[in-house]
Amino acid sequence: SDSGSKTTATTCGRVEDFGMGTSVFQLHEEKLGCAVYLKASLMNHSCAPNVVFRFCGNYLTAKAVKCLDAGMEACNCYGPQVGRMKRAERQALLLEKYFFHCKCSACEGTDSHLQLRELAMDALACPRCKGPLRENGNGNGTSICFQCHSTTSQKDMKKLIDTREKARKLFSDAFENTSTVTQIQALLHCHSLQLSCIHLCNMELARTHDALARLYATQGDYASAIKHCEPSCASVCTAFGEDSIEGAHERHKLAQLLFNNNRYRDAATVAGKALEVYQIHCHSTATDGDSTSDECAELKEMIHI
């Protein structure tokens, strides 16, 4: 740990309720100040960090988010991170703010798993194997599949793009109607189109699943809500990482739905995974009334029922 003046950040987000307490959906941090921690500042950056920084009073603590082998370098993230920004955005921001070209495994493409995570979050799907497509780079409008390495023609790419646009319009128009049943029907149509054109880990598909899960939950149809929350959870964990706070929030929602559907053992298993990540990312001295403290208390309750 390292002592010094505290850097303060607050977590903000839109809050929903799945029927058992509150569940936080979209979170972000707002920086309110900065400080210099001499020892911590010696740590290098990675866009796929293996440690996270957390504050406890005026002390900064580094926690490993995965197993570190002897001699492995511990790397923090300076802000731009896989899953939250594309490579070009990360490179530009790091160069602008910290004056270096990042050569971490995520940016250099030496880790195929990280490549897949970054590509899949907004990828169209290969017509042959449903793997994620990436631009050919030759300017002719074709794409190559990351999985089977086949080429998708310009004509087929246009079909995929047109279908994606139809799905996007269906999603945005769905909420213009106040009827939950009508909203669900529109989103199911949107979901069907998305399955034909975008990758299963695409965040647009995850967003549709999430919206359907929320609507079914408001009707008390927890079985249908779980059916859509599970793939949403899997997509978020793929895009942001199994040890990410985003993945923990998705697992928290899924645990709530499982609990409400009387699947207590499954709820306890999922809640345990979410709690493990919360305890890595959040300091252990959270005060009563703190949102993360409340979430951890709820998860512990589900685990021990």
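**Strand pairings and helix pairs**

Strand 6 pairs with strand 7 (residues 143-145) in the antiparallel sense, over 3 bridges. This is a predicted model. Within that pairing, Arg134 stands opposite Ile144 in strand 7.

Strand 4 (residues 51-56) and strand 5 (residues 59-64) run antiparallel, joined by 6 bridges. Phe55 has Leu60 in strand 5 as its bridge partner. The hairpin has 2 residues between the strands. Gly57 takes a positive phi there, near 65°.

Next come the helices. Helix 4 (residues 154-174) packs with helix 5 (residues 180-197) at an angle of about 160°. Their axes are 9 Å apart. How do the two helices run relative to each other, parallel or antiparallel? Angles over 145 degrees count as roughly antiparallel. Helix 4 and helix 5 are therefore roughly antiparallel to each other. Helix 4 passes helix 5 in a left-handed crossing.

Which residues meet in this pair? From helix 4 come Leu160, Thr163, Arg164, Lys166, Ala167, Leu170, Phe171 and Ala174. They meet Gln183, Ala186, Leu187, His189, Cys190, Leu193, Gln194, Ser196 and Cys197 in helix 5. The residues of the contact of helix 4 with helix 5 divide into 10 nonpolar, 5 polar and 2 charged.

Helix 8 (residues 245-260) and helix 9 (residues 264-281) pack at an angle of about 155°. The axes of helix 8 and helix 9 are 8 Å apart. That angle makes helix 8 roughly antiparallel to helix 9. Helix 8 passes helix 9 in a left-handed crossing.

Helix 8 makes the contact through Ile245, Ala248, His249, Arg251, His252, Leu254, Ala255, Leu258 and Phe259. Helix 9 brings Tyr264, Asp266, Ala267, Val270, Ala271, Lys273, Ala274, Val277, Tyr278 and His281. By class, the contact of helix 8 with helix 9 has 13 nonpolar, 3 polar and 3 charged residues.

Technical notes
Residues are numbered from 1 along each chain as its sequence is written. This is a predicted model: local features need pLDDT of at least 70, side-chain atom pairs count only at pLDDT 80 or more; totals for chains, interfaces and linings use all residues. Side-chain values use heavy atoms; hydrogens and water are left out. Axes are lines fitted to C-alpha atoms, for helices over the stretch in contact, and angles run from 0 to 180 degrees between N-to-C directions. Helices (H or I, at least four residues) and strands (E, at least two) are DSSP runs, numbered from the N terminus. Angles under 35 degrees count as roughly parallel, over 145 as roughly antiparallel, 65 to 115 as roughly perpendicular and the rest as oblique. A crossing is left-handed if the near helix is turned anticlockwise from the far one by less than a right angle, and right-handed if clockwise. Contact means heavy atoms within 4.5 Å. Ala, Val, Leu, Ile, Met, Phe, Trp, Tyr, Cys and Pro count as nonpolar, Asp, Glu, Lys and Arg as charged, and the others, Gly among them, as polar. Two strands pair if DSSP finds at least two bridges between them.
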